[in-house]
Amino acid sequence: MELRELRYFLAVAREKNITRAADALYISQPSLSKQMQNLEKEIGSPLFVRGSRSVALTETGMLLKKRAEELLELYEKTEAELAAPAETVCGEVRIGGGESYALQTVMQAAKAVQDNYPHVTFRFFSGDADDVTEKLDRGLIDFGVMVDLPDTSQYNALRLPLTDRWGVLMRRDSPLAEKESISPSDLTGQPVLASRQMLEKKGMINEWMRRIGKMDVRATFNLVYNASIMVQEGVGYAITLEKLINTTGESALCFRPLQPEVRTNLDLVWKKHAVFSKPSLCFLEAFRALAQQD
C-alpha cells in the first residue's frame with residue numbers, strides 16, 4: 001500500500017464520487033477506478049458501496065479512512081521536520097487538550113516561542129483524554145494537556161500553574177441561581193448536562209457527581225459552547241469548568257461553584273524518549289520557564 005494510493009482513496013472518500021475525485025486529482029476516471037479496485041483486492045475487503053451517482057464507505061472503508069488520514073498526517077509532519085533548515089528554527093508544534101482556562105500558560109509559552117522564532121507555527125487540537133492520548137501515542141501531536149492522567153509510566157509531565165474550578169452553568173432566572181454555591185443535593189432530580197468523560201472516568205468531579213441523589217442526565221456534550229446553548233434554551237444545568245463561557249454583563253447565564261469545592265490540576269505531557277524537533281524543544285523550554293516562575 002503506497003501513500004499515493006491512500007491519497008487517491010481519501011479523495012474518493014471526500015468527494016463521494018469517482019469522477020469528481022479523478023478531476024480533483026487530475027487523472028482519468030478509469031485509472032482511478034482501477035486503482036481503487038486494486039486497493040480493495042490488496043486489503044481483501046470492499047471499501048465502497050457503489051451507487052449510480054455516488055459511493056459510500058463500508059465499515060472497512062471508514063476504518064481505512066481514519067488510519068490513512070493519520071498516516072499521511074504523520075508523514076507530512078515528519079517530512080516537514082526533516083526539510084527544516086538546520087541553521088534555523090522553523091516548523092510546527094502540535095498540542096492537544098481539552099477546553100480549560102488553565103491553558104493560559106500553554107498559550108503564553110507559544111507566544112514566547114513565536115516572539116523569538118516567527119517561523120514557528122502551532123496547531124492546537126481539542127479533544128477529551130482518550131482522543132489526546134491516542135494522538136500522542138501515535139505521534140500525531142507533540143504534547144498533550146491532560147487532567148487526571150491515568151497512566152504516567154509512558155509519559156513525562158509538567159504541572160500547569162493554574163487550576164480549574166468546577167461549577168454549574170445555569171440561566172440567571174433559574175431557582176438555583178439564587179445560591180452562592182451548588183451542593184449535590186441541589187441537583188437531585190434536576191435536569192443535568194454533563195460530558196461523557198465526567199460520567200465514565202474516575203476523578204474528583206466523578207466522585208462529586210456520584211453524591212447526587214437522583215441524577216437526571218438530559219444530554220451529554222464535548223463542547224461547552226454547545227452546552228451553553230442548551231442551558232440558555234432551558235434544557236438543564238451544565239456541570240462544567242469556570243471561565244469557559246462569558247457570564248458577565250448582560251449574559252443570560254451565570255456560573256455557581258460546586259460545594260464542596262472541586263478543583264483539578266492539569267499537566268503538560270509528552271512521550272518518554274520522544275525525539276523532539278527544534279520548535280518543540282523551544283516550546284518545552286519556554287513552558288518550563290513560565291511554570292517555574294509561578
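Start with helix α1 (residues 3-15) and helix α4 (residues 59-83): their axes come within 10 Å and cross at roughly 125°. Keep in mind that this is a predicted model. Angles of 65 to 115 degrees count as roughly perpendicular and those over 145 as roughly antiparallel, so α1 and α4 end up oblique to each other. Their crossing is left-handed.

Who does the touching here? On the α1 side you'll find L3, L6, R7, F9, L10 and A13, and they meet G61, L64, K65, A68, E69, L71, L72, Y75 and E76 of α4. Sorted by class, that contact between α1 and α4 has 10 nonpolar residues, one polar and four charged.

Now slide over to helix α2 (residues 18-25) and helix α3 (residues 29-43). Here the axes of α2 and α3 come within 9 Å, with a crossing of roughly 110°, and α2 and α3 are therefore roughly perpendicular to each other. I18, T19, A21, A22 and L25 from α2 meet Q29, L32 and S33 from α3. The class tally for α2 with α3 is five nonpolar, three polar and no charged residues.

Zoom out, and the protein has 10 helices and 13 strands. Its C-alpha trace spans about 70 × 55 × 40 Å along the principal axes. Of the 294 residues, 43% are buried.

Key. Residues are numbered from 1 along each chain as its sequence is written. This is a predicted model: local features need pLDDT of at least 70, side-chain atom pairs count only at pLDDT 80 or more; totals for chains, interfaces and linings use all residues. Side-chain values use heavy atoms; hydrogens and water are left out. Axes are lines fitted to C-alpha atoms, for helices over the stretch in contact, and angles run from 0 to 180 degrees between N-to-C directions. Helices (H or I, at least four residues) and strands (E, at least two) are DSSP runs, numbered from the N terminus. Angles under 35 degrees count as roughly parallel, over 145 as roughly antiparallel, 65 to 115 as roughly perpendicular and the rest as oblique. Contact means heavy atoms within 4.5 Å. Ala, Val, Leu, Ile, Met, Phe, Trp, Tyr, Cys and Pro count as nonpolar, Asp, Glu, Lys and Arg as charged, and the others, Gly among them, as polar. A crossing is left-handed if the near helix is turned anticlockwise from the far one by less than a right angle, and right-handed if clockwise. Buried means under 20% relative accessible area, exposed over 50%, partly exposed in between (1.4 Å probe, protein chains only).
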